[in-house]
Amino acid sequence: MVALFHSFVGFAATTISIASFLNGVGHYNHDPMAVIHKIAIYAGTALGGLTLTGSLVAFTKLQGEICGIRFSGAPLRFPCLGLINATLAGLLVAGGFPFMMGPHHVHLVRYLVGNAVISSILGYTITAGIGGADMPVAVTVLNSYSGWAMAADGILLQNNLLIIVGGLVGSSGGIL
């Protein structure tokens, strides 16, 4: 059940990040904090997408059956899974450069949507490759990701409580 709740946090982080960018597109031209906000937006979108799909996969593996449909706890194995994950992670990093360096207008949202799609695929491929017995560890890591995504959204919303709680959740999940 915890994994399912993490997926809600991931969805919220992704949508808040994209909405924050669309809401403040005009102020990035003259705001000295624009770089920090754009980093938080891009990171929140990536961590949110990864947490969303990764947590849904973890939930289905731990449940074993949802609405009469059986799910296997066996890890997903196919050739070059590590290479696919590395390529997806590289695409996330590469997409961040044009987003950060580009002119500050609404057309940059395509990089955020691409970020959300790629990070969601990455969340699936990483978590699906983990067996059911190791899923509690994966849920802890996803807990950490949801905390960091929450902290990034706290920066965007200028909400100290979200920053502090997100940092605590992210750190505790990382320590575990």
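**Exercise 1: two packed helices**

Describe how helix α2 (residues 34-63) and helix α4 (residues 109-128) pack.

Step 1. Their axes are 7 Å apart and meet at an angle of about 35 degrees. Axes here are lines fitted to C-alpha atoms over the stretch in contact, with angles from 0 to 180 degrees between N-to-C directions. Helices are DSSP runs of H or I with at least four residues, strands are runs of E with at least two, and both are numbered from the N terminus.

Step 2. Who touches whom? On the α2 side, the contact (heavy atoms within 4.5 Å) includes Ile41, Tyr42 and Thr45. On the α4 side, Tyr111, Leu112 and Asn115 are among the partners.

Step 3. Sort the contact residues: 12 are nonpolar, nine polar and one charged. In this sorting, Asp, Glu, Lys and Arg are charged, Gly is among the polar ones, and Ala, Val, Leu, Ile, Met, Phe, Trp, Tyr, Cys and Pro are nonpolar.

Before going on, a word on the source. This is a predicted model, where local features need pLDDT of at least 70 and side-chain atom pairs 80 or more, while totals for chains, interfaces and linings use all residues. Residues are numbered from 1 along each chain as its sequence is written, and side-chain values use heavy atoms, leaving out hydrogens and water.

**Exercise 2: positive phi**

Find where Cys80 and Gln158 sit, and give their phi values.

Step 1. Cys80 is in the loop between β2 (69-70) and α3 (81-101). Its phi is near 65 degrees, positive even though Cys80 isn't a glycine.

Step 2. Gln158 belongs to the loop between α5 (135-157) and α6. Gln158, also not a glycine, has a positive phi of about 55 degrees.
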